[in-house]
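Colleague: I've got the model open and would like to go through it with you, one question at a time. Ready when you are.

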Amino acid sequence: MATWNSRGLRGSTLEDLINRTNEKYAEYGLALIQKVPTPITPVQIDKESRHITLAYFEQKSTVDYIGAVQGLPVCFEAKESASDTYALSNIHEHQVNFMDLFEKQGGIAFFLLFYSGRDLIYYLPYLKLRFFWERMASGGRKSFRFEELNPDYVLPKKQGILVPYLDMIQRDLGERER
């Protein structure tokens, strides 16, 4: 069984672990979260293997995951960084706009960031991302540093759940009420 605390993640491994976590959450009746497929148009298909070998994206994707946690609409994006500085160019304006509209409809949006150099996953609340985004838009840094993040949002190691983000949603909601 793959665990994110015992080896570095590569490429889609973070998404695989999130998908397995989402299956557990659904099995326990805690949440129903689905991976949002990116719509593509195939251009070439290998006839023998029946695999798509060339395609283009039909439209800009919104977020990686969407669903509900105990009746609360949730959407999030999964990202990875090899360094302690995260470039905001890795996040697209249409994703930020979607999350903004999602939150205005009563949902909660966030990012799960895997810091491979630290071998940890961080829950970045949308409101904190929005702070960094607006700082960039007003001429400030085009990135944020790990040191700028609240250490309370580092995902804990938890038996049986590979990416335990539900606790962080609870923390995020509690912070918003203050």
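Colleague: Let's start with S81: buried or exposed?
Modeller: Bear in mind that we're looking at a predicted model. S81 is found in strand β5, and leaving aside neighbours within four places in sequence, S81 is in contact with Y86, F114, Y115, S116 and G117. The cut-off for burial is under 20% relative accessible area. S81 has 8% relative accessibility, so S81 counts as buried.

Colleague: Stepping back, how many helices and strands does the chain have?
Modeller: Reading from the N terminus, the elements run α-β-β-β-β-β-β-α-β-β-α-β-α. That comes to four helices and nine strands.

Colleague: And what share of the contacts with a separation of 6 or more is between residues 24 or more positions apart?
Modeller: For context, the chain has 178 residues, of which 38% count as buried. Among the contacts with a separation of 6 or more, the share from residues 24 or more positions apart is 63%.

Colleague: What kind of ring pair do Y25 and Y165 make?
Modeller: A pair of aromatic rings is described by the distance of the centres and the angle of the planes. The structure holds 14 aromatic pairs. For Y25 and Y165 the centres are 5.2 Å apart and the planes are at 85 degrees, and planes over 60 degrees apart count as edge-to-face. So the Y25 and Y165 pair is edge-to-face.

Colleague: How many residues apart in sequence are the parts that this pair ties together?
Modeller: Y25 is buried at 4% relative accessibility, and Y165 is buried too, at 0%. Y25 lies in helix α1 (residues 13-27), while Y165 lies in the loop between β9 (143-145) and α4 (166-177). The pair therefore ties together parts whose distance in sequence is 140 residues.

Colleague: Y65 is in a ring cluster as well. Which charged residue sits over the ring of Y65?
Modeller: Ring pairs link Y65 into a cluster with Y25, F76, F110, Y115, Y122, Y123, F146, Y153 and Y165. A charged end lies 5.5 Å from the centre of the Y65 ring, and it belongs to K35.

Colleague: K35 also forms a salt bridge with D64. Which residue joins K35 and D64 in a salt-bridge network?
Modeller: The side chains of K35 and D64 meet at 3.8 Å, N to O. K35 is in strand β1 (residues 31-35) and D64 is in the loop between β3 (51-57) and β4 (65-69), 29 residues apart. K35 counts as partly exposed at 32% relative accessibility, whereas D64 is buried at 11%. The residue linked with K35 and D64 in the network is E15.

Colleague: Which residue does D84 form a salt bridge with?
Modeller: The structure holds eleven salt bridges. In this one the closest N and O atoms are 2.8 Å apart, and it links the loop between β5 (72-81) and β6 (85-87) with the loop between β7 and β8 (120-125), 34 residues apart. D84 is partly exposed at 27% relative accessibility, and the partner of D84 is R118.

Colleague: By about how many helical turns are D100 and K104 separated?
Modeller: D100 and K104 form a salt bridge, with the closest N and O atoms 3.1 Å apart. K104 is exposed, with a relative accessible area of 62%. Because D100 and K104 are four residues apart in helix α2 (residues 93-104), the separation is about one helical turn.

Colleague: Last one: what is the phi of Q70 near?
Modeller: Q70 is in the loop between β4 and β5 and is exposed, with a relative accessible area of 60%. The phi of Q70 is positive in a residue other than glycine, with a value near 50 degrees.

Methods:
Residues are numbered from 1 along each chain as its sequence is written. This is a predicted model: local features need pLDDT of at least 70, side-chain atom pairs count only at pLDDT 80 or more; totals for chains, interfaces and linings use all residues. Side-chain values use heavy atoms; hydrogens and water are left out. Helices (H or I, at least four residues) and strands (E, at least two) are DSSP runs, numbered from the N terminus. Buried means under 20% relative accessible area, exposed over 50%, partly exposed in between (1.4 Å probe, protein chains only). Contact means heavy atoms within 4.5 Å. Rings of Phe, Tyr and Trp (its six-membered ring) pair if their centres lie within 6.5 Å; planes under 30 degrees apart count as stacked, over 60 as edge-to-face and the rest as tilted. A charge sits over a ring if NZ of Lys or CZ of Arg is within 6 Å of the ring centre and within 35 degrees of the ring normal. A salt bridge is a side-chain nitrogen of Lys or Arg within 4 Å of a carboxyl oxygen of Asp or Glu.
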